[in-house]
Amino acid sequence: MARNKQYHQFLRQCGLKVTSTRLLVLDVLMSTRTALSHSDILDKTRGSRLDKVTLYRTLNTFITHGIAHKVASEDRNWLYALHPIDRNNTVRDDHAHFICDQCERIYCLPVQTRNSMPAPESEEGFVIRTHEYRLHGICPQCH
Ligand SMILES: [Zn+2]
Ligand SMILES: [Zn+2]
């Protein structure tokens, strides 16, 4: 299976050993454009022997290796997603999170405007470590 081979390569490039669990979780994350909760992922892997703890561990490994990231949902659950790939096939960790006001799904979207991040007006000791763009609107599924 070509896709499987691609996943093998991808995991090795990221410095990870290939395991069936990692392949399974990667496949779930690859097959959707929206960020998924822990239980969404468990649902989608029903029938496999993946358990809660192993899934948490796998997701954390993906995060520490820069494969996936966490996004807070509107009701403050953690969702997980891969970094999106833009038109030039570049992995974009500086993307925006598009929240659909209708279905509440969160999409990881590459954005075009760069270097225009809002910054604090005065220097009061606020050190920015990460930033998040959140865009609200209606997704293509809900039009
Ligand atoms: Zn929607
Ligand atoms: Zn994202």
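## Basis

The model is predicted: local features need pLDDT of at least 70, side-chain atom pairs count only at pLDDT 80 or more, and totals for chains, interfaces and linings use all residues. Residues are numbered from 1 along each chain as its sequence is written, and chains are lettered from A and ligands numbered from 1 in the order in which they are written.

## Overall make-up

The protein has 4 helices and 6 strands. These are DSSP runs, numbered from the N terminus: helices are H or I with at least four residues, strands are E with at least two. From the N terminus on, the order is α-α-β-α-α-β-β-β-β-β.

The C-alpha atoms fill a box of roughly 50 × 35 × 30 Å along the principal axes. Of the 143 residues, 16% count as buried. Buried requires 20 or more other C-beta atoms within 10 Å of the residue's own, exposed 12 or fewer, and partly exposed lies in between; C-beta atoms are placed from the backbone. Among contacts with a separation of 6 or more, 53% join residues 24 or more positions apart. Two residues are in contact if their C-beta atoms, placed from the backbone, lie within 7 Å.

## The sheet

An open sheet is formed by 3 strands in the order E1-E3-E2, with antiparallel pairing. Its edge strands are E1 (36-37) and E2 (68-72), each pairing on one side only. Strands pair if DSSP finds at least two bridges between them. E1 and E3 (residues 78-82) are joined by 2 bridges. Ser 37 stands opposite Leu 79 in E3.

Helix H2 (residues 20-30) packs on this sheet and touches E1, E2 and E3. Its direction makes about 90° with that of E3. Helix H4 (residues 52-64) also packs on the sheet, touching E2 and E3, and its direction makes about 105° with that of E2.

## Helix against helix

H2 and H4 pack at about 75°, with axes 10 Å apart. Axes are lines fitted to C-alpha atoms, for helices over the stretch in contact; angles run from 0 to 180 degrees between N-to-C directions. The two helices are therefore roughly perpendicular, a class spanning 65 to 115 degrees.

H2 contributes Thr 21, Arg 22 and Val 25 to the contact, and H4 contributes Thr 54, Leu 55 and Thr 58. These residues divide into 2 nonpolar, 3 polar and 1 charged. Ala, Val, Leu, Ile, Met, Phe, Trp, Tyr, Cys and Pro count as nonpolar, Asp, Glu, Lys and Arg as charged, and the others, Gly among them, as polar.

## A loop residue

Gln 112 sits in the loop between strand E5 (106-109) and strand E6 (133-137). Gln 112 counts as exposed because it has 7 C-beta neighbours inside 10 Å. Its C-alpha atom is separated by 21 Å from that of Ala 68, 44 residues apart along the chain.

How values were computed
Angles under 35 degrees count as roughly parallel, over 145 as roughly antiparallel, 65 to 115 as roughly perpendicular and the rest as oblique.
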